Amino acid sequence: MDNPVTHRELEQFRDLMESENDRLKEENDRQNHRLSNLEETVKEISNLTAATQKLADNMENMLKIQERQEKRLEQIEGRDGEKWRKMLSYIGTAILGAVLAIVFAKIGL
């Protein structure tokens, strides 16, 4: 052996390897922590997406119900308006009949 390794060199190498292993362990711990944070964020986004979809479905259902109610309200309002117009027509006819009766009574018919 031309170049034998001394005990001191072995100790230096061991210290170097231990420090490198410690550095790698710290880096792994940091990355694991970041991955945990990312997983939590993905879960929150997934929950938010599901809630948004549920909200959109509910809003669509509410719109359909509101459109049906609007049609019913138009029918009800139209019916009341039609009754009011008929009543005014009957009152107008009665007044016209009374006026004509008075006029015919005055002229002797």
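## Lys54 and the helix

Lys54 is found in helix H1. This is a predicted model. Helix H1 covers residues 7-107, and the chain holds one helix and zero strands.

The relative accessible area of Lys54 is 57%, so this residue counts as exposed, the cut-off being over 50%. Between Lys54 and Gly81 there are 27 residues along the chain, and their C-alpha atoms are separated by 40 Å.

## Overall dimensions

The C-alpha trace of the chain spans about 155 × 15 × 15 Å along its principal axes. The radius of gyration of the chain is 46 Å, whereas a compact globule of 109 residues would have a value near 13 Å.

## Surface

Of the 109 residues, 0% count as buried, because that label requires a relative accessible area under 20%. The accessible surface of the chain comes to about 10600 Å², and carbon and sulfur atoms account for 59% of that area.

## Charge

The chain carries 17 positive and 21 negative side chains. The centres of these two sets lie 20 Å apart.

A patch of negative charge on the surface is formed by Glu67, Glu70, Glu74, Glu77 and Asp80. One of these residues, Glu67, is found in helix H1, like Lys54. Glu67 has a relative accessible area of 42%, so it is classed as partly exposed, which lies between the cut-offs of 20% and 50%.

Notes
Residues numbered from 1 in each chain as written. Predicted model: local features only at pLDDT ≥ 70, side-chain atom pairs only at ≥ 80, totals over all residues. Heavy atoms only, no water. Patch = residues over 30% accessible without salt bridge, like charges linked within 9 Å, V, L, I, M, F, W, Y side chains within 5 Å. Areas by Shrake-Rupley, 256 points an atom, 1.4 Å probe, with all protein chains shown as cover. Salt bridge = Lys/Arg side-chain N within 4 Å of Asp/Glu carboxyl O. Lys, Arg positive; Asp, Glu negative; His and termini not counted. Charge placed at Lys NZ, Arg CZ, Asp CG, Glu CD. Helix = DSSP H or I, 4+ residues; strand = E, 2+ residues; numbered from the N terminus. Buried < 20%, exposed > 50% of the residue type's maximum accessible area, 1.4 Å probe, protein only. Rg over C-alpha atoms; globule rule 2.2 N^0.38 Å.
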